[in-house]
Amino acid sequence: MGLYRADSVALSYSNVEAAKQWWIDTFGCKVVRVPQEWDNPPPSDVALTLPGDSEPTILLSAQSEVEQARFDRPSPVATSIFCDKLKKAHEHLSSRGVLAGPIQDGGDMQFFEIRDPEGHLIEVCKEP
């Protein structure tokens, strides 16, 4: 099992290639075939798995294709990635050049925030 886990992440980017490389470099993701059961994938869609996952949980789409197809894919306020070892995840991402915010206590969950190159907010949360 990998350090990170995600239930479902779907983000749109102006540059899908750059976003794909960031997810690979940052989290160690692998590119996989977009599953047929995913609804109406545009040609540029990229499916990724986190290390240790057998099924893709991350979908990257071209913003222009999402808008042109008039898909209702609102950008989330924040995307959540989960981990068992928050301090280790913080150190791991920082060592990869990611600006990781301080570890915060949100009451029922500890987390820290990072941003991808296009400014999407990603909260790395300790598994409850």
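Visitor: What makes the link between the side chains of Asp 45 and Ser 61 a polar contact?

Guide: In this predicted model, 2.8 Å separates the pair. The cut-off for N or O atoms is 3.5 Å, with one able to donate a hydrogen and the other to accept it, so this pair counts as a polar contact.

Visitor: Why is Asp 45 called buried?

Guide: Its relative accessible area is 9%, and buried means under 20%, so Asp 45 qualifies. As for its place in the chain, Asp 45 sits in the loop between strand E3 (30-32) and E4.

Visitor: Which residues does Leu 60 touch, leaving aside neighbours within four places in sequence?

Guide: Asp 45 is one of them, and the list also includes Ser 44, Val 46, Leu 48, Leu 11, Tyr 13 and Trp 23. For each, contact means heavy atoms within 4.5 Å.

Visitor: Now Trp 23. Is it buried or exposed, and how do you know?

Guide: Buried: its relative accessibility is 0%, and the limit is under 20%. Trp 23 lies in helix H1. Beyond its neighbours within four places in sequence, its contacts include Val 9, Leu 48, Ile 58, Leu 60, Ile 81 and Ile 122. Take Leu 48: it is 25 residues from Trp 23 along the chain, yet their C-alpha atoms are 8.4 Å apart.

Visitor: What makes a set of residues a nonpolar core, and how many residues has the largest one here?

Guide: The members must be buried, of nonpolar kinds such as Leu or Trp, and joined through side-chain atoms within 4.5 Å. The largest core has 28 residues, and among those with the most contacts inside it are Trp 23, Leu 60, Tyr 4 and Phe 27. Elements giving two or more residues to it include H1, strand E4 (46-49), strand E5 (58-62) and H3. H1 provides the largest share, five residues.

Visitor: And the sheet: why do E1 and E7 count as edges?

Guide: The order is E1-E6-E9-E8-E7, an open sheet of five strands with mixed pairing. Strand E1 (4-5) and strand E7 (104-105) each have a single partner strand, so one side of each lacks a neighbour in the sheet.

Visitor: How do you know that E7 and E8 pair?

Guide: Pairing takes at least two bridges, and E7 and strand E8 (residues 110-115) have two, in the antiparallel sense. Gln 104, for one, has Phe 111 in E8 as its bridge partner.

Visitor: Which helices pack on the sheet?

Guide: Helix H1 (residues 16-27) does, with its direction at about 140° to that of E8. Helix H3 (residues 86-95) does too, at about 15° to E8.

Key: Residues are numbered from 1 along each chain as its sequence is written. This is a predicted model: local features need pLDDT of at least 70, side-chain atom pairs count only at pLDDT 80 or more; totals for chains, interfaces and linings use all residues. Side-chain values use heavy atoms; hydrogens and water are left out. Helices (H or I, at least four residues) and strands (E, at least two) are DSSP runs, numbered from the N terminus. Axes are lines fitted to C-alpha atoms, for helices over the stretch in contact, and angles run from 0 to 180 degrees between N-to-C directions. Buried means under 20% relative accessible area, exposed over 50%, partly exposed in between (1.4 Å probe, protein chains only).
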